[in-house]
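Hi,

Here is the structure I promised to pass on. Have a look at it first, and my notes on what turned up follow below.

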Amino acid sequence: MSVITRFAPSPTGMLHIGGVRTALFSWLWARHNGGRFILRVEDTDRERSTGEAVRVILEGMKWLGLDYDEGPYFQTQRFDRYREVIAGLIERGLAYRCYCTKDELETMRAAQLARKEKPRYDGRCRERREPRAGVEPVIRFRNPQDGDVLVEDLVHGRVTFRNRELDDLIIARPDGTPTYNFCVVVDDADMKVTDVIRGDDHLNNTPRQINMLRALGAPLPRYAHVPMILGADGAKLSKRHGAVSVLQYDEDGYLPDALLNYLVRLGWSHGDQEVFTREEMIAKFDINDVNKAASAFNPEKLLWLNQQHMMRSDPQRLVPYLEAQLARLGVQGAAPDLLTGIVRAQRERVKTLKEMASASRFFFADSMELDPVVAAKHLTGEARALLGVLRERLAALGEWTAPALHATLEAFARERGLGLGKVAQPLRVALCGGTVSPPIDVTVALLGRERTLARIAAQTGQSLRPIGAGTRHGWAEFDIISGALGR
């Protein structure tokens, strides 16, 4: 039997990491078994469902790369099908119209609580045949009153529910709109879902859904109710723990593969392995190995994994993500080769692509603004004079590569009896505006000849005149206008 799974989010709130993990487990199980994965938007709650939440679901799934084989289906587009099934259940005596008013139900509930009974509908309309004037009825499923429902859950094991403790579920509201628990059953049956993977907060819905599936004569899927994700403090996950829209992780510079890698380890493991490629997750994931204990969200671990994925990925794969982050900073149109070089130079120094973009803005700036404190410490008169002479040496350099630049800087420092740092740090401040950058030879190589010489000139009071075609370096001899070098 081919495996068919589904992810069925409700667009009444933003898709966050709890939902993403459910989607991931469902997607992995389908891909692991060569099956099919369905996306279904459960939007029957029309008052609370929003178009923005739907957008986040669709864009989030696309960003994550959790491709679906069918869908997206929307329950609000299947109302005719639900009404057809409800009519059939009523005709067969498996559902009935309930005319109880809200006040009557509240009175019934209060009496049950007073008797210390579990509040539930007592079935008083089960045998009613006549309508009630002025009352639009709901439709209830006639749940079996005897026997047990056994749920052979792939995560929690066997869970038993007594039918006498389950009341007759409302499957259609007074206005005729079907309810969530009923729509789920019809959808799973029609879409031939074989494996339902969802949060364990849905476990208590399962016996009623099984009874409805049996009433429809549909085969029962396997169920796997995965544990909750908690905050590090053991409380229910909230925004302060990281329960934000999944697209926020994109904006914050996380890689989708890193986020998925982190989430797959919340409740599942494969030996001691921490870092997984997408292909490894597909090959090794088994829903039967998911733990039933809740997992804690650890943002530091996620950051660590994100850096691991940045360091292990082909740099060219990271270029589109860096481009998107730079665009948010107003930098566009950068050459792909330069971006690839920046990724190589920066990925071990930062933990997110957002940090990488911020730390790399100086490569694209037309002018540098120096912190006066940094400039006073590193760009003294002596240092500026040194940079002026170095600039002349760099202007004459034929091969503008990191190895050639490194050799030039080392030779220049040695000639003046200085350590390389005494040359590199003033140069770094002049070029980057700060004291932190990738290795200086790599930084200069990526910055390019034109920007490098221009930025040194800006800090040493030199000027360059563009020279005519046919010159080797594209720069004229420079004039000393500050008198700092005293040549």
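Let me start with Lys192, which sits in the loop between α5 and β9 (195-199). Keep in mind throughout that this is a predicted model. Lys192 isn't a glycine, yet its phi is positive, at about 55°. Its relative accessible area is 59%, and because anything over 50% is called exposed, Lys192 is exposed.

Lys116 is another residue to look at for its backbone. Its phi is near 60°, again a positive value in a residue other than glycine. You'll find Lys116 in the loop between α4 (102-114) and β5 (138-141). With a relative accessible area of 77%, Lys116 is exposed.

One more backbone point: the peptide bond joining Gly71 and Pro72 is cis, with omega at about 5°. Pro72 belongs to strand β3.

Now the salt bridges. The count comes to 32. Here are a few of them.

Arg81 and Asp190 meet through their side chains, at 2.8 Å from N to O. Arg81 is in helix α3 (residues 79-91) and Asp190 in helix α5 (residues 180-190), so this pair ties together parts that are 109 residues apart in sequence. Arg81 is partly exposed at 30% relative accessibility, and Asp190 is partly exposed with a relative accessible area of 30%. The pair also belongs to a network: salt bridges with shared partners join Arg6, Arg40, Glu42, Arg78, Arg81, Glu84, Asp187, Asp188 and Asp190.

Asp69 pairs with Arg31, and their closest N and O atoms are 3.0 Å apart. This one links distant parts of the chain, since Asp69 is in the loop between α2 (51-64) and β3 (70-74) while Arg31 is in helix α1, 38 residues apart. Asp69 has a relative accessible area of 33%, which makes it partly exposed.

Asp45 forms a salt bridge with Arg48, with 3.2 Å between the closest N and O atoms. Asp45 is partly exposed too, at a relative accessible area of 25%.

On to the helices, and α12 in particular. How many of the residues of α12 are buried? Eight of its eleven are, so the helix is mostly covered. The buried ones are Leu338, Leu339, Thr340, Gly341, Ile342, Val343, Ala345 and Gln346. What covers them includes α11 (315-328), α13 (353-359) and α18 (440-447).

The packing of α11 on α12 is worth a look in the viewer. Their axes are 9 Å apart and the angle is about 100°, so the two helices are roughly perpendicular to each other. On the α11 side the contact involves Pro315, Gln316, Leu318, Val319, Leu322, Glu323 and Leu326, and these meet Pro336, Leu339, Thr340, Ile342, Val343 and Arg344 in α12. Sorted by class, that contact has nine nonpolar, two polar and two charged residues.

Leaving out residues up to four places away in sequence, Thr340 touches Pro315, Gln316 and Val319.

Another helix pair is α16 (residues 402-415) and α17 (residues 420-432), which pack at an angle of about 120° with their axes 8 Å apart. That makes α16 oblique to α17, and the crossing is right-handed. From α16 the contact uses His406, Leu409, Glu410, Phe412 and Ala413, and from α17 it uses Leu420, Val423 and Leu427. By class that is six nonpolar, one polar and one charged residues.

Last, Ser26, which is in helix α1 (residues 17-32). Is Ser26 buried or exposed? It counts as buried, at 0% relative accessibility. Setting aside residues up to four places away in sequence, Ser26 touches Thr5, Arg6, Phe37 and Ile197. For a sense of scale, Ser26 and Val374 are 348 residues apart in sequence and 53 Å apart in space, C-alpha to C-alpha.

Cheers

Terms used. Residues are numbered from 1 along each chain as its sequence is written. This is a predicted model: local features need pLDDT of at least 70, side-chain atom pairs count only at pLDDT 80 or more; totals for chains, interfaces and linings use all residues. Side-chain values use heavy atoms; hydrogens and water are left out. Axes are lines fitted to C-alpha atoms, for helices over the stretch in contact, and angles run from 0 to 180 degrees between N-to-C directions. Helices (H or I, at least four residues) and strands (E, at least two) are DSSP runs, numbered from the N terminus. Angles under 35 degrees count as roughly parallel, over 145 as roughly antiparallel, 65 to 115 as roughly perpendicular and the rest as oblique. A crossing is left-handed if the near helix is turned anticlockwise from the far one by less than a right angle, and right-handed if clockwise. Contact means heavy atoms within 4.5 Å. Ala, Val, Leu, Ile, Met, Phe, Trp, Tyr, Cys and Pro count as nonpolar, Asp, Glu, Lys and Arg as charged, and the others, Gly among them, as polar. Buried means under 20% relative accessible area, exposed over 50%, partly exposed in between (1.4 Å probe, protein chains only). A salt bridge is a side-chain nitrogen of Lys or Arg within 4 Å of a carboxyl oxygen of Asp or Glu.
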